[in-house]
Amino acid sequence: QVQLVESGGGLLQAGGSLRLSCLAKGNFLKINAMGWFRQAPGKQRELVTTSGYGGTINYADSVESRFTVSRDNAKNTVYLKMNNLKPENANIYYCNANVQRTLMGNMYYWGRGTQVTVAS
């Protein structure tokens with residue numbers, strides 16, 4: 001079984017910074033892609049960014065330049081650094097990963113999400 005464990009969310013004042021972390025735990029060969037999605041109340045979950053195993057990074061067009069993804073393959077961890085946060089950045093942030101469990105198969109997994117709240 002594979003589990004994605006997010007951490008780093010919380011409540012902060014506008015203008016502050018947070019770094020979210022997502023650790024992949026379990027039995028697998030490697031993690032192909034890891035990334036972040038976000039979901040606001042009453043809205044659909046949307047892509048923020050993805051990071052490939054070899055270092056390829058993509059951001060959704062709507063994502064602010066204040067957001068930066070990074071990844072540590074040795075630690076099976078992906079990070080999302082968010083600077084100068086604004087109230088509209090308040091969301092639940094979900095980690096997503098495409099995990100190579102066997103030579104023949106890979107699957108997508110979701111974390112439970114971590115809440116980011118920004119006070120004005």
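Predicted model: local features only at pLDDT ≥ 70, side-chain atom pairs only at ≥ 80, totals over all residues.
Strands of a sheet pair through backbone hydrogen bonds, in either a parallel or an antiparallel manner. In the present model, an open sheet is built from 4 strands in the order β1-β3-β8-β7, and the pairing is antiparallel. The edges of this sheet are formed by β1 (2–7) and β7 (67–72), each of which pairs on one side only. Neighbouring strands of the sheet are turned against each other by 15° on average, when direction is ignored. Within the sheet, β3 (residues 18–26) and β8 (residues 77–82) are joined in the antiparallel sense over 6 bridges, and T77 in β8 is the bridge partner of L23.

Side chains of opposite charge can pair when their charged atoms come close. In this model the count comes to 3 salt bridges. R38 forms a salt bridge with E46, with the closest N and O atoms 2.7 Å apart, and R38 also forms one with E64, where the corresponding distance is 3.3 Å. Because R38 lies in strand β4 (residues 30–39) and E64 in the loop between β6 (57–59) and β7, the latter pair ties together parts that are 26 residues apart in sequence. E64 in turn forms a salt bridge with R66, the closest N and O atoms being 3.9 Å apart. Through shared partners, these salt bridges join R38, E46, E64 and R66 into one network.

As regards accessibility, R38 counts as buried because its relative accessibility is 6%, under the 20% cut-off, and R66 likewise counts as buried at 16%. E46, by contrast, is partly exposed at 34%, and E64 is partly exposed with a relative accessible area of 21%.

Key
Residues numbered from 1 in each chain as written. Heavy atoms only, no water. Pairing = 2+ DSSP bridges. Helix = DSSP H or I, 4+ residues; strand = E, 2+ residues; numbered from the N terminus. Axes fitted to C-alpha atoms, helices over the stretch in contact; angles between N-to-C directions. Salt bridge = Lys/Arg side-chain N within 4 Å of Asp/Glu carboxyl O. Buried < 20%, exposed > 50% of the residue type's maximum accessible area, 1.4 Å probe, protein only.
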